Amino acid sequence: MRRLIAMSAPLMLAGCGGNQSPLSPGGDQAVALYNLLLLSIVVCGIIYVLVLAGLGWGLYRRRTGSAVDQSALDRGVWVAAGVILVGLTVLIVGSFLADRAVFATRGRDAMKVRVTGHQYWWRIEYRDAATGRWIETANELHLPQGRTTRVSLGSADVIHSFWVPNVAGKLDMIPGRRNLIDLTPRQLGWFRGQCSEYCGAQHAHMAFDVKVEPPAAFDAWLAAQALPAAAPSDPVAQRGAAAFAGPCAACHVVHGSAAAGRAGPDLTHLAARRSIAAGTLPMTRGNLQGWITQPQALKPGTMMPTIPLNPADANAIAHYLATRR
């Protein structure tokens with residue numbers, strides 16, 4: 001049994017880090033919450049040890065038949081009350097300081113982003129400070145390192161919750177209102193966000209990728225997202241564009257084409273993303289075609305219907321979308 005516990009410990013501890021963990025903070029707001037967590041563990045741990053020590057002392061006296069010393073008992077009660085009071089005071093002060101740290105950027109100018117939760121995907125819009133227009137993408141959030149991004153959170157249907165554990169705390173997304181959360185990432189790399197409020201059968205498959213990159217790289221990415229998609233350049237892609245303009249265009253928009261649906265994600269630069277269907281599948285040509293032909297088999301309950309397509313059209317649409325970068 002001891003060997004089994006020793007072998008399984010590294011596996012259990014592996015969940016304490018990585019790209020979706022509050023224990024690996026990579027942003028100002030996440031660091032504040034992480035420090036509060038450590039403080040809570042220390043204070044509660046000390047009180048827990050003292051409680052066990054008092055219990056052990058009482059059991060020892062009971063077994064040895066020692067007489068009850070009322071004055072010592074009274075002192076013990078006062079000491080316990082003092083320890084609890086000090087512990088609660090430390091936690092209250094720590095919580096106050098963490099709260100101030102999380103909202104320290106609220107009065108500053110910040111880049112504005114709108115995120116809207118849908119069953120089961122994310123609409124993400126960036127406000128262009130120069131023109132005031134909104135640049136839309138889906139299921140992938142890019143953030144500039146060291147800059148504060150103010151994210152306005154809302155929902156189109158049920159309650160969702162926005163959480164990127166490595167960057168900040170979580171905040172609910174409620175239909176009919178907007179909540180604000182500030183993100184100031186410091187660590188470069190890919191992270192994973194997740195809906196953290198049960199929102200339906202595919203709640204577990206409502207994730208999104210988060211990339212923190214240098215400001216210059218972010219500006220270049222955003223400028224590319226603002227451009228319309230290039231016209232299809234080969235016969236298969238042209239056939240795919242024509243097939244896409246039928247049923248698919250009713251729900252999806254591809255800027256630079258006639259497709260202007262708003263019910264589903266913007267697909268203008270779909271192939272530049274890291275995953276398909278809100279983190280359900282890695283972005284590959286094969287997964288893309290599988291998702292187009294059998295969405296209900298891969299993600300039962302998703303709003304994307306299964307559309308009868310002949311194999312040639314399915315292949316052409318997948319090829320067309322795979323060129324949308």
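**Salt bridges and a helix pair**

Mentor: Start with Glu-125: at 8% relative accessibility it counts as buried (buried is under 20% relative accessible area, exposed over 50%, partly exposed in between, with a 1.4 Å probe and protein chains only). Before going on, note that this is a predicted model, where local features need pLDDT of at least 70, side-chain atom pairs count only at pLDDT 80 or more, and totals for chains, interfaces and linings use all residues. Residues are numbered from 1 along each chain as its sequence is written, and side-chain values use heavy atoms, with hydrogens and water left out.

Trainee: Which side chain meets Glu-125 in a salt bridge?
Mentor: Arg-114 does, at 3.1 Å, N to O. A salt bridge here is a side-chain nitrogen of Lys or Arg within 4 Å of a carboxyl oxygen of Asp or Glu. Arg-114 lies in strand 1 (residues 111-118) and Glu-125 in strand 2 (residues 121-127), so the pair ties together parts 11 residues apart in sequence. Strands (E, at least two residues) and helices (H or I, at least four) are DSSP runs, numbered from the N terminus.

Trainee: And Arg-114, buried or partly exposed?
Mentor: Partly exposed, with a relative accessible area of 25%.

Trainee: How many salt bridges does the rule give?
Mentor: The count comes to 10. Another one joins Arg-262 and Glu-136, with the closest N and O atoms 2.7 Å apart. That pair links distant parts of the chain, 126 residues apart: Glu-136 is in strand 3 (residues 134-138), Arg-262 in the loop between helix 5 and strand 11 (275-276). Arg-262 is partly exposed at 43%, while Glu-136 is buried at 12%.

Trainee: What about Asp-182 and Arg-150?
Mentor: They form a salt bridge too, 2.8 Å between the closest N and O atoms. Both are buried. Shared partners join Arg-106, Arg-150 and Asp-182 into one network.

Trainee: Switching to helices. At what angle do helix 5 and helix 8 pack?
Mentor: About 105 degrees, with axes 7 Å apart. Axes are lines fitted to C-alpha atoms, for helices over the stretch in contact, and angles run from 0 to 180 degrees between N-to-C directions. The two helices are therefore roughly perpendicular (65 to 115 degrees; under 35 is roughly parallel, over 145 roughly antiparallel, the rest oblique).

Trainee: Which residues of helix 5 meet helix 8?
Mentor: Among them are Val-236, Arg-239 and Phe-244, and the helix 8 side includes Asp-313, Ile-317 and Tyr-320. Contact means heavy atoms within 4.5 Å.
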